[in-house]
Amino acid sequence: MTAVPLTEQEHLYFQTDFKTFDKNNSGFLEQSELPALLEKQLNRKPSDEEAAAVFAQMDENNDEVISYNEYMKVMAGDAWRGYASMPNDDAISSNQPTAEQEAAATKLQASQRRKNAVKVVKKKKETKAEKQARKAAKKKKAEDDEAEIQEIMAQIENDAKEKRDKDKAYIQNL
Ligand SMILES: [Ca+2]
Ligand SMILES: [Ca+2]
């Protein structure tokens, strides 16, 4: 992905969004505040596992809250890293976007946010236990399929034998 610099409009939009989901105005997104954000991005309720996975992914410094910087790294990616004038905390609270700026940015970002959210959810790594479970399930399915095939074959052979026996008995009784 090429680092297209974040426009001021996009940035203001992200700021507004962050503050919207920061329900308790702590300046951070706590774990309880994340599902609402994900729901907006995914257009559906995230599962508890998804929410936890995304939170862990976003909380880079593991302090159990998502800072604005951590949020922006995920939302804007390279564009955020390349953002020329990274604002300080004062700028975040005093810069209010105009309605026009917000409308323009909303349109621009709706698809981007979804893309990023899906990417983050997909990035969730499979744990060793999950991998083993998946392999075991696959093996079991193959065994079950094989067993089913054997059963069907036995049934067919049995039917054929019954038919032969019946024919034999019929001929003998002629
Ligand atoms: Ca908060
Ligand atoms: Ca953090």
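I began with Asn-43, which is exposed, having 8 other C-beta atoms within 10 Å. I placed Asn-43 in the loop between helix H2 (34–42) and helix H3 (48–58). I then looked up its backbone: phi of Asn-43 is near 60 degrees, a positive value in a residue that is not glycine. I noted for context that most residues other than glycine have a negative phi.

I treat all of this as a predicted model. I checked the confidence next. The protein has an average pLDDT of 79, and 75% of the residues reach at least 70. Strand E1 (residues 29–30) has the highest confidence, at 96, and helix H6 (residues 89–94) the lowest, at a mean of 46. I also find pLDDT under 50 throughout residues 88–94, for which the model has 3 contacts beyond four places in sequence.

Glu-64 sits in the loop between H3 and strand E2 (65–66).

Last, I took the helix pair. H2 and H3 pack with their axes 10 Å apart, at an angle of about 100 degrees. That makes the two helices, H2 and H3, roughly perpendicular. From H2, I list Leu-34, Pro-35 and Leu-38, which meet Glu-50, Ala-51, Val-54 and Phe-55 of H3. I sorted the residues of this H2–H3 contact into 6 nonpolar, 1 charged and no polar.

Notes
Residues are numbered from 1 along each chain as its sequence is written. Chains are lettered from A and ligands numbered from 1 in the order in which they are written. This is a predicted model: local features need pLDDT of at least 70, side-chain atom pairs count only at pLDDT 80 or more; totals for chains, interfaces and linings use all residues. pLDDT is the predictor's confidence in each residue, from 0 to 100. Helices (H or I, at least four residues) and strands (E, at least two) are DSSP runs, numbered from the N terminus. Two residues are in contact if their C-beta atoms, placed from the backbone, lie within 7 Å. A residue is buried if 20 or more other C-beta atoms lie within 10 Å of its own, exposed if 12 or fewer, and partly exposed in between; C-beta atoms are placed from the backbone. Axes are lines fitted to C-alpha atoms, for helices over the stretch in contact, and angles run from 0 to 180 degrees between N-to-C directions. Angles under 35 degrees count as roughly parallel, over 145 as roughly antiparallel, 65 to 115 as roughly perpendicular and the rest as oblique. Ala, Val, Leu, Ile, Met, Phe, Trp, Tyr, Cys and Pro count as nonpolar, Asp, Glu, Lys and Arg as charged, and the others, Gly among them, as polar.
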